[in-house]
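Reader: Hi! I'm new to this one, could you walk me through it?
Author: Happy to, let's have a look together.

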Amino acid sequence: MGAIWQVFGTDAHGMTMSLLQACDAIALVPRDGSVALKPNLVLASAPEAGAVTHPGVLSGCIEYFRACGVQNISVIESSWVGDKTLRAMRTAGYDEVCKRYDVPFFDLKADKVRTVQTAVGPMALCARALDAGLLVDLPVLKGHCQTRMTCALKNLKGCIPDREKRRFHAMGLTKPIAALGAALRPGLVVVDSICGDLCFEEGGTPVQTNRMYAGTDAVQIDAYGCALMGLDLDEVPYVRLAQEYGAGTAHWSEDDLVLLNEPNDAEPYSPPTGTVARLTRGVHESQACSACFASLVRALYASGDASGKNIYIGQGWRGRELDGLGVGRCCAGAKTCVMGCPPTAEAIAQAL
Ligand code: SF4
């Protein structure tokens with residue numbers, strides 16, 4: 001199993017640089033090879049809404065690979081059927097990043113297409129994704145109304161033409177997403193989990209997680225993403241199926257995690273609004289780190305109604321005896337505590 005590097009904070013550019021340095025990303029670029037950056041620009045939306053990859057992730061990648069001497073860097077993406085990629089690109093602030101670093105952006109809706117054999121039969125893929133020396137997958141970890149979660153594997157859907165996207169939906173998403181992951185196998189994945197949406201791929205209910213993580217196995221990255229969102233792998237069947245199709249491994253353990261800093265190095269969490277506020281009503285929060293609070297929010301969302309439960313979270317409860325469920329090692333004095341710093345949403349969901 002590969003390592004999963006993890007960093008907490010709010011500076012997407014700096015966090016991305018740290019992750020790439022830590023995992024020695026330059027070693028993944030083939031000699032004289034190109035680097036194609038594939039963010040999530042599913043629709044025209046500001047990154048703060050929790051749907052699209054922060055532009056700082058893009059600039060961090062470009063600056064890192066440039067400093068390592070890579071000249072051939074591009075950004076590739078195709079928004080969902082119904083939105084214009086270039087409109088999404090401008091709304092997310094990518095035009096400014098691409099201009100600043102003089103890096104081309106290619107709308108894959110206009111790209112050449114090649115048909116390749118996959119586990120579910122012939123599939124049409126965009127040539128720029130197939131031909132990248134190093135394909136760098138830059139997804140957002142977020143909820144999805146059909147597949148429960150979307151991260152590294154599903155983000156690759158932006159590498160197929162619109163007619164193929166429609167066919168994916170007709171096929172029920174699970175099998176074609178898994179097969180696409182095996183067909184493209186990105187060499188590096190850098191996940192933007194700074195404020196991914198809780199429930200929908202379009203954004204609108206962001207959860208301030210202040211986390212980014214990276215690895216070289218898209219399946220493992222998604223399996224870990226499920227745990228962070230409080231989801232069992234059975235609830236996101238394309239992850240195990242991708243493993244079956246040869247896209248990677250769905251196993252991860254705490255030993256795989258390499259922490260570059262501590263969760264409490266990040267900014268305090270933003271005051272919750274809307275759905276998040278409703279879910280956390282009654283939670284006793286005191287100086288909770290964003291990553292910890294986000295794990296709790298996702299667990300509450302995944303496990304349904306938790307009203308009537310006495311839940312404590314945050315550094316302000318350290319050393320105190322607490323009559324209820326404690327979340328994170330700061331609340332070790334609770335009657336029952338989900339240990340971890342931060343604990344995964346999956347572990348909290350089980351305790352709930
Ligand atoms: S356990 Fe405490 S220090 Fe660790 S992430 Fe949670 S609130 Fe922060």
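Reader: Which residues have the most contacts inside the largest nonpolar core?
Author: Leu141, Met149, Leu180, Leu184, Tyr213, Tyr238 and Val239 do, in a core of 46 residues. A nonpolar core here is a set of buried (under 20% relative accessible area, 1.4 Å probe, protein chains only) Ala, Val, Leu, Ile, Met, Phe, Trp, Tyr and Cys residues joined through side-chain atoms within 4.5 Å. This is a predicted model, where local features need pLDDT of at least 70 and side-chain atom pairs count only at pLDDT 80 or more, while totals for chains, interfaces and linings use all residues. Residues are numbered from 1 along each chain as its sequence is written, and side-chain values use heavy atoms, leaving out hydrogens and water.

Reader: What does valine 239 touch?
Author: Its contacts (heavy atoms within 4.5 Å) include Leu153, Val219 and Cys226, leaving aside residues up to four places away in sequence.

Reader: New topic: which residues of H1 are buried?
Author: In helix H1, residues 12-22, they are Ala12, Met15, Thr16, Met17, Leu19 and Leu20. Their cover includes strand E1 (4-8) and helix H2 (55-67).

Reader: What comes just after H1?
Author: Aspartate 24, which takes a positive phi of about 50 degrees.

How values were computed: Buried means under 20% relative accessible area, exposed over 50%, partly exposed in between (1.4 Å probe, protein chains only). Helices (H or I, at least four residues) and strands (E, at least two) are DSSP runs, numbered from the N terminus.
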